[in-house]
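Dear colleague,

My notes on its charged side chains follow.

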Amino acid sequence: MNHVVVTLDETDLMELQIVILDEDEAAALTFLKTRIAAKIPKKGTALCDSSRLNPYLPKSDIAGDA
């Protein structure tokens, strides 16, 4: 199972509270897309993601690196 930690700033928290209080489904979906999904790292970009290339390993010509 994968775990992701998303940090919300003060503006995000205020908008989240507004969406919850208003029970606005369209605004909730927009919040999820713009504030939450945008902060979830793509594969290979997280600091602990093993699919990233290690800069300390020698480069290989297999992937076209020179």
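**Charged side chains**

On the surface, D22, E23, D24 and E25 gather in a patch of negative charge. Patches are made of residues with over 30% relative accessible area and no salt bridge, like charges being joined within 9 Å and nonpolar side chains (Val, Leu, Ile, Met, Phe, Trp, Tyr) within 5 Å. Asp and Glu count as negative and Lys and Arg as positive, while His and the chain ends are not counted; the place of a charge is taken as CG of Asp, CD of Glu, NZ of Lys or CZ of Arg. Accessible areas come from the Shrake-Rupley method with a 1.4 Å probe, and for residues only the protein chains shown count as cover.

Helices are DSSP runs (H or I, at least four residues), numbered from the N terminus. E23 is exposed, at 68% relative accessible area, where exposed means over 50%, buried under 20% and partly exposed in between.

Please note that this is a predicted model, in which local features need pLDDT of at least 70 and side-chain atom pairs count only at pLDDT 80 or more, whereas totals for chains, interfaces and linings use all residues. Residues are numbered from 1 along each chain as its sequence is written, and side-chain values use heavy atoms, with hydrogens and water left out.

The structure holds 3 salt bridges, each defined as a side-chain nitrogen of Lys or Arg within 4 Å of a carboxyl oxygen of Asp or Glu. In general, side chains of opposite charge can pair when their charged atoms come close.

D12 pairs with R35, their closest N and O atoms being 2.4 Å apart. This pair links distant parts of the chain, with D12 in helix 1 (residues 10–22) and R35 in helix 2 (residues 25–36), 23 residues apart. D12 is buried, at 2% relative accessible area, whereas R35 is partly exposed at 24%.

D12 also meets K39 in a salt bridge (2.5 Å, N to O). K39 belongs to the segment after helix 2, 27 residues from D12, and is partly exposed at 34%.

R35 also forms a salt bridge with E15, at 2.9 Å between the closest N and O atoms. E15 is in helix 1, 20 residues from R35, and is partly exposed at 24%. Through shared partners, the salt bridges join D12, E15, R35 and K39 into one network.

Yours sincerely

Key
Helices (H or I, at least four residues) and strands (E, at least two) are DSSP runs, numbered from the N terminus. Buried means under 20% relative accessible area, exposed over 50%, partly exposed in between (1.4 Å probe, protein chains only).
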